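Here is a short report on a structure. Keep the sequence and the 3D view open as you read.

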Amino acid sequence: MLAGAAFLLGDYHNDVYRKMLLWVTLAIGYNFLFGICGQVSFSHFAFYGIGAYSVVILLFHFHVPLPLAIVLGVAVCVVVALAVAIPSTRLEGFYLALATLALAQLFVVLLNEGGEITGGTGGIANYRLPAIFGMQMRGPWYTAVIVFVLLMTYATLRRLDHSWFGRACRAVRDNPEAAAAMGINVARTKVIAFTLTSALAGVAGMVYAFVDNTVNPPIFGLENAFLLLFMVIVGGSGRHAGAAIGAVLLFLLPFWLSPLVGHHHVLVFGVLMLAAILLQPKGLIGIWDRLGTRFSR
Amino acid sequence: MSKRFGGLTAVSELDFEVREGEILGMIGPNGAGKSTTFNLIAGSYPASSGEVFFDQKPLLGLPPHRIAARGILRTFQHNRPFEGMPVIDNVLVGAHRSFGVDLFGRKSKNKEHEKRLRAEELIEFVGLGGMAQADVGTLSFGQGRLLEIARALAGEPRLILFDEPAAGLAPAELDRLAEIIRGIAARGIAVLLIEHDMHFLLPLAHRVVVLNFGAKIADGLPDDIRRNPAVMDAYLGSHAPHP
């Protein structure tokens, strides 16, 4: 159904729709890391960028075949994620937040200073997705690819969430000391959750690379990391559906608000965010749950 | 084993053992070193010197999660539930080590189902029957203590450590708790019970170790402990040295 919608939309709406699907993919991944595992990270969107740039550089600078470029792109995300997560989870408290903030900043700097490889401030453009089995994925068909990636991401996260691993993540979030006393390796659980969700963000980024057929530094700015955090909190932290609702709402909101208030929509985001934290810490999904129980009585 | 904090020796040259199916009580007045001993075994503090053996293998110096993996599970004096999960999921976290690494496929689903049934049994065993899906926030303090026990039992412990389980419980809850602890020992699990309340501990324990100022002052049957003048002094404080 999600993919079918793509065939009914025009080019402009298809583009908006694709980006919305990618935001949902990112938000449910970030929700697992932040909402379920309790890790405050600001590098999730940077990994989206790392995935996008990796696949483009591998394909068009190093002329690696597509399947290998995808595998290597994931490998790059995994290596970077491990390099950040292993040292920072050994420290207490918000060191992961600081380390990931530094990574997100450093990533943009590297993109700008990357010379020929990253294309500097202008990024890389004018490339096209190589044919897959002799077929060019275009228009709604490419949207179907995005839907597939979203559904695979969701299936993976849902399976993890409903397993001992998801419980271990929640236990680490709720009470690390008690989690350790139950035999959970707290540091390892954090590192695995961080690396896995970062790699999923990287995969979403690879798909994004062929949405606009251009990657450049401003796309992957730090403000997106905060937007992701907003999406998860407003929608309902710790819940897949909450993250998805938050992502759809905050992604579409500027389209409705811009004609009315111009760039002041950021202000509206701030107010929404405050309202969510103060009035409904369980987010929009919490309101939905309450309505559900009220009507079922 | 011994533990020093700076110049203060909290536990000095303490020596004791616990056997399968035995309830070993450890009592002592405040500051006697009970909690320190507990934390040394559970891995929360590193020991200054000494050895702890479990199944002839050394235990001291391992991090808490590896100690749990060896079959030693604990409860907390101040209940530490996982707030964001229902009762049954809290108990299932206790079974963490028994899941292996399977995440996908039929085998992992069967395992999950099997552990879920087991968790329900344990919830029933500690007397929280019917509350499996309840939010842990709705539990009373006493029920929270029972949840701590069910969670530790889910890890199929061979030794279970109770950190002042009677603290904060009402008299009716104490009887229930004693019954549960006897039931645990009857399953062949070794029980180490650290307790401040002598009236709760003495009828329950098979053997008692008494600590005072970080050292063992008595070790024997509960009846012997009751008659031991050194123990009574320690509790009444009549001959306690003043600084």
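## Confidence

pLDDT is the predictor's confidence in each residue, on a scale from 0 to 100. Helices (H or I, at least four residues) and strands (E, at least two) are DSSP runs, numbered from the N terminus. This is a predicted model: local features need pLDDT of at least 70, side-chain atom pairs count only at pLDDT 80 or more, and totals for chains, interfaces and linings use all residues. Residues are numbered from 1 along each chain as its sequence is written, while chains are lettered from A and ligands numbered from 1 in the order in which they are written.

Chain B averages 87, and 92% of its residues reach 70 or more. In residues 239-243 of chain B, the pLDDT is below 50. The model has an ipTM of 0.88 and a pTM of 0.90.

## The sheet in chain B

Chain B holds an open, mixed sheet of six strands, in the order S6-S7-S8-S3-S9-S10. Strands S6 (72-74) and S10 (215-220) of chain B are at the edges; each has a single partner strand, so one side of each lacks a neighbour in the sheet.

Two strands pair if DSSP finds at least two bridges between them. Strands S3 (residues 23-27) and S8 (residues 190-195) of chain B pair in the parallel sense, over five bridges. B:Leu24 has B:Leu192 in S8(B) as its bridge partner.

Notes
Contact = placed C-beta atoms within 7 Å.
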